[in-house]
Amino acid sequence: MTRNAVVTDWGRRASQYLAKIASISEPGAGVTRLPFTNEHRRALAEITGWMQTANLEVHLDAAGTLIGRSKAPKSAPTLLMGSHQDSVRHGGAFDGIMGVALPILALERLEQEGQRLPFAVEVLAFADEEGVRFPTALIGPRALAGSLDPAVLEMCDAEGTSLRQAMLDFGLAPDKIGTLRRDPATVIGYLETHIEQGPVLESAGQALGVVTAICGIERHQVRFRGVTGHAGTLPMEGRRDALVGAAGLVTEVNRLAHANKTLRATVGTLTALPGVVNAVPADVRLSVELRAPDDLVREQAGQALHTIAKTIANSHGLDLNIARSYHQPAQPCDEALTIHLQAALQATGSQGLRLASGATHDASALADLCPVAMMFVRCRDGVSHAPQEYASADDLGSAIDALCKFLTALANKSPS
Ligand code: GLV
Ligand code: MN
Ligand code: MN
């Protein structure tokens, strides 16, 4: 087979894998696969099959991470690869799961080509990166890094089931999570492959790119309280309409982000009570999420948000509660591992374009354990977290090719 035919062939395999596992979903448009559910269990059975076909030894750890390890002595230094199995509600077929399928296929290809690696490789399928079911995320990678706060096990989903109970029902041992912590001296690094989820590679005509940094995130919960009344009889003068205040804040949040090219600011949820057509809204809750590759830019925006919310509350006669509920610092990728990855991309004919990630990833948590690097794969129309999310079989084949080149070059560098 010519080189291009090999790349095409493996790309086709990857597309078939991803199409099949996309059908493991709650009913409805796109993919909905939440952690510690029946869909999660069925996905693990499917991924186990992929791993066994690639001759990996498979086990599920106490945090629900499925691990496929290449046959190597227990004491061998280990390169980690992988991503998450879960999706958002009505998401796409690539976010997360693609970063599980591609390294498995790359290892299968190397094995077929008779390449031996002087280190172990573990492919990790993490349970929960999206944070859709529980108000926390990154349980698997944090467990490996030893940075998981056990208090998160008491957080509940919308049905009132705690994370601890969901994990127990799934057959896991949440109280053993502390034992999963890896010794950094045994880990070479972590390489995550992910769909770009944005338009940069497509605009540049590039199938692949390397990530420089993963943006930081903070989330704020805001509540405005005013006074309700009859929509027809309460005069406009003197109204204390909480939704009018909230609307002002939504506009100002948008303005904040437009004033700084690197900042992203989003009001993603908003509820208004009493929520009837003919009453003035008295109680509005909303969430504000801020993201930036520079922590100072994000933190200054967070402070500005609080100041703006107070000004709005004062001018509309509203009571205000505002609190930062979550934050995660920006995480630069490891420069040496990134240069190595860039060289692998360039060996496939790619420019090795560098770009920052506005989405967060499992790599952000694994950076507490080891050097991390990330490869992005071109995303059609930049659309992600939607059923239309798509990466072509050709691009998947190129990504597998780059992963093989990354692994063989690392093998040549390693002392044998
Ligand atoms: C997950 O994809 C996130 O960036 O929030
Ligand atoms: Mn993802
Ligand atoms: Mn996602």
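This briefing describes the cores, the ligand site and several individual residues of the structure above. The structure is a predicted model, in which local features need pLDDT of at least 70, side-chain atom pairs count only at pLDDT 80 or more, and totals for chains, interfaces and linings use all residues. Residues are numbered from 1 along each chain as its sequence is written, chains are lettered from A and ligands numbered from 1 in the order in which they are written, and side-chain values use heavy atoms, with hydrogens and water left out.

**Nonpolar cores**

- The largest nonpolar core has 95 residues; such a core is a set of buried Ala, Val, Leu, Ile, Met, Phe, Trp, Tyr and Cys residues joined through side-chain atoms within 4.5 Å.
- Buried means under 20% relative accessible area, exposed over 50%, and partly exposed in between (1.4 Å probe, protein chains only).
- Helix 11 (residues 393–413) supplies the largest share of this core, 10 residues; helices (H or I, at least four residues) and strands (E, at least two) are DSSP runs, numbered from the N terminus.
- Among the residues with the most contacts inside the core are Trp50, Tyr190 and Phe406.
- Beyond residues up to four places away in sequence, Phe406 touches Leu79, Leu191, Leu337, His340, Leu341 and Ala344, where contact means heavy atoms within 4.5 Å.
- A second, separate core of 24 residues includes Leu249, Ala265, Val297 and Ile322.

**Ligand 1**

- Glu129, Glu130, Arg291, Ala359, Thr360 and His385 surround ligand 1, each having a heavy atom within 4 Å of it.
- By class, this shell holds one nonpolar, two polar and three charged residues; Ala, Val, Leu, Ile, Met, Phe, Trp, Tyr, Cys and Pro count as nonpolar, Asp, Glu, Lys and Arg as charged, and the others, Gly among them, as polar.
- A backbone N or O atom of Thr360 lies 2.8 Å from an oxygen atom of ligand 1, and a polar side-chain atom of Glu130 lies 3.2 Å from an oxygen atom of the ligand.
- In the side chain of His385, an N or O atom is 3.3 Å from an oxygen atom of ligand 1.
- Taken alone, ligand 1 exposes 190 Å², of which the protein buries 90%; accessible areas come from the Shrake-Rupley method with a 1.4 Å probe, and for residues only the protein chains shown count as cover.
- His385 lies in the loop between strand 13 (372–377) and helix 11, is partly exposed at 41% relative accessible area, and has a positive phi of about 55° although it is not a glycine.

- Asp283, in strand 9 (residues 283–292), counts as buried because its relative accessibility is 13%.
- The side chain of Asp283 makes a polar contact with the side chain of Arg223 (2.7 Å); a polar contact is a pair of N or O atoms within 3.5 Å, and within protein one must be able to donate a hydrogen and the other to accept it, while residues adjacent in sequence count only if both atoms are side-chain atoms.
- A cis peptide bond, with omega about 10°, joins Leu273 and Pro274, and Pro274 lies in the loop between strand 8 (264–273) and strand 9.

**Other residues**

- Leu345 belongs to helix 9 (residues 335–347) and is buried at 0% relative accessibility.
- Leu345 and Lys405 are 60 residues apart in sequence and 7.9 Å apart in space, C-alpha to C-alpha.
- Thr78, in strand 3 (residues 78–84), is buried, with a relative accessible area of 5%.
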